[in-house]
Amino acid sequence: MLKIKNLHASVEGKKILKGVNLEVNAGEVHAIMGPNGSGKSTLASVIAGKEEFEVTQGSIEFEGEDLDETSPEERAHKGVFLSFQYPVEIPGVSVTNFMKTAINESRKAKGLEDMPAKEMLKLIREKSEMLDIDRKFLSRSLNEGFSGGEKKRNEIFQMAMLEPKLSILDETDSGLDIDALRIVANGVNKLRSADKATILITHYQRLLEYIIPDFVHVIHDGKIVKSGGKELALELEEKGYDWLKQEATV
Amino acid sequence: MAYTEEELKKELETKEYEYGFYTDIESDTFPPGLNEEVVIAISKKKEEPEWMTLWRLEAFKYWKEMKEPEWANVHYEKPDFQAISYYSAPNSKPKYDSLDDVDPELLDTFKRLGISVDEQKKLTGVAVDIVMDSVSVATSFKKTLGEKGIIFCSISEAIREHPELVKKYIGSVVPKRDNFYAALNSAVFSDGSFCYIPKGVRCPMELSTYFRINQAGTGQFERTLVIAEEGSYVSYLEGCTAPSRDENQLHAAVVELIALDDAEIKYSTVQNWFPGNKEGKGGVYNFVTKRGICEKNAKISWTQVETGSAVTWKYPSCILKGDNSIGEFYSIAVTNNFQQADTGTKMVHLGKNTRSTIISKGISAGKSQNSYRGLVQINSRADNARNFSQCDSLLMGNECGAHTFPYIEAKNPTAMIEHEATTSKIGEDQIFYCNQRGIDTEKAIALIVNGFSKEVLNKLPMEFAVEAQKLLEISLEGSVG
């Protein structure tokens, strides 16, 4: 589904990604771990097409198509979803209205009519029930005054509504207490399916106790320095990142 | 296209005035210049009684002694008042019984503006009195209103047909010598609307007037008078668009609202006059005096969506004279390119237990300057007066400005006054967030702006809110690819 080859990216002239290779197939869950500043979040933003990052070398292919010239909204229309580490507030725009706009814009891009209101309501009801989201929550302004847990849950709700092919969860576990983490992880697990793929970006192993990955990659200084199965995460938890850093510099 | 600060700026710059055309209709226009003879000639042209002519002349006398105000946060080349023509009327008088009789070119203009009389008539419950230049050319629903005793006509007609009402109330809220532009308007006002709601009557429809400025170099001096008798209710809509012109056009209107005991007036405005081109050339000068007076338990709400004009100087105000009266001001002011707006309100609390609410939303883009200026005045006898003010500014790009000038004068210790203000900027992060959800930049800006303005948009009557939303989008996005 996703093929990243020798990806180099920089922001304001500063090199952050220095040759990332990654292949993600449908049905798989990949965890990308690494210390602060290693390039994890940058990788997520570059896949989503954030313009301030300049791809200087390499390529990202999504379902056989090079994404180089593709705008962020077109990537979204193709089925790429990014759950933000810091979701932004949009005052006066309700969660419902935002979702309605997002869904209809994607439909428009595919040449479809707006989703009928009845169908939209049904979808909202279904997904909010699945994720145990209070309906009142949906009429609030997007992320405005939301707690950390509410923001992250709202991201997962949007993911459920948009049904993307590839979901990238950027530090979804950060700032969550254990209950909120469990709820969010539950949601992600419910959305797992054979035709979808997930990339989890995380600093800690904790999230991976709830969402079991098929592959774990460690990123350091803009490169994937080690890949393995889920047991790699445990090893990291035990030994920290330093041994990998040393290994990488040798 | 994805969004960067640079691109957003460019997108905002590419907006062109949608309604920039000029209708060529033969008209009856005075040569430029202003003196006593011109004032008398206007009065004569309108077949006014002598008291009105004298009233105008007195206003003209005051005006000659007054100076154009300079305290507002706007900079512009002062108009040459002798270079303006003070009267212009479409030639195809008299008024028509049916649309078939109306100049087809005029009808075409309305159609291009998307406000064809046909359409308007069909709009449920909306009576339309269209003012093209200075003379009303079409009036509808008069009969329905007449059955309830409601008078809705041009001010000229009211002066002829209902002199006792006009004489009693004109200038009672905005005196002739109130300010420079009000004095000018009092001397030379060409036409406008008059509305009278009898005691206890609830006006069954939204009353609506579309103002237009159409003749090159013709100042437009509208005069509006709305009288709501005891216990009555009326909702009044005023919407404007104007063809683009090269030279600046002056607009100095006066609106007076009178809400007697237990009456309620809602006055909503959507203003979209030519704001000037991308270089800041041309555009309408909008120097308006709008004020209402509330007697006991009365309520006046001003709601305005201001997207047009090169320079705006406008403070719809409420004098809360009667005990328990309520004043409200809800405003969205959008400025782009080189537009300048200095707008806000005055809430003057005279009676006991009077309450006022001010919600102001300023949106600035391009190189524009957007100022909120508001006065909350609590008189010594106004026990338990309350005010709540909220002024929010939204900035787009790095070259525009937002300013807030709140004035608070409380002379009564029981007064409760709250003022909140925020300034925010549409961020790249917000745009990227929307993009990532499949929403393109143009739509994202509309979404953010509408969210920001929601509290005010919600105050507009339904059909007007849709139009206002459209205007916001036109003003800020235009031809975004």
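Analyst: A charge sits over a ring if NZ of Lys or CZ of Arg is within 6 Å of the ring centre and within 35 degrees of the ring normal. By that rule Arg437(B) lies over the face of Tyr433(B), at 4.7 Å from the ring centre, and the charged end of Arg223(B) sits over the ring of Phe189(B), 5.8 Å from its centre. This is a predicted model, in which local features need pLDDT of at least 70 and side-chain atom pairs count only at pLDDT 80 or more, while totals for chains, interfaces and linings use all residues. Residues are numbered from 1 along each chain as its sequence is written, chains are lettered from A and ligands numbered from 1 in the order in which they are written, and side-chain values use heavy atoms, with hydrogens and water left out.

Turning to the ring pairs, rings of Phe, Tyr and Trp (its six-membered ring) pair if their centres lie within 6.5 Å, and planes under 30 degrees apart count as stacked, over 60 as edge-to-face and the rest as tilted. Over all chains the structure holds 21 aromatic pairs. One of them joins Phe137(A) and Phe146(A), a tilted pair with 4.7 Å centre to centre and 40° between the planes. Phe137(A) is buried (under 20% relative accessible area, with exposed over 50% and partly exposed in between, for a 1.4 Å probe and protein chains only), at 9%, and Phe146(A) is buried at 7%. In chain B, Tyr86(B) and Phe221(B) are stacked, because their ring centres are 5.4 Å apart and their planes at 15°; Tyr86(B) and Phe221(B) are both buried.
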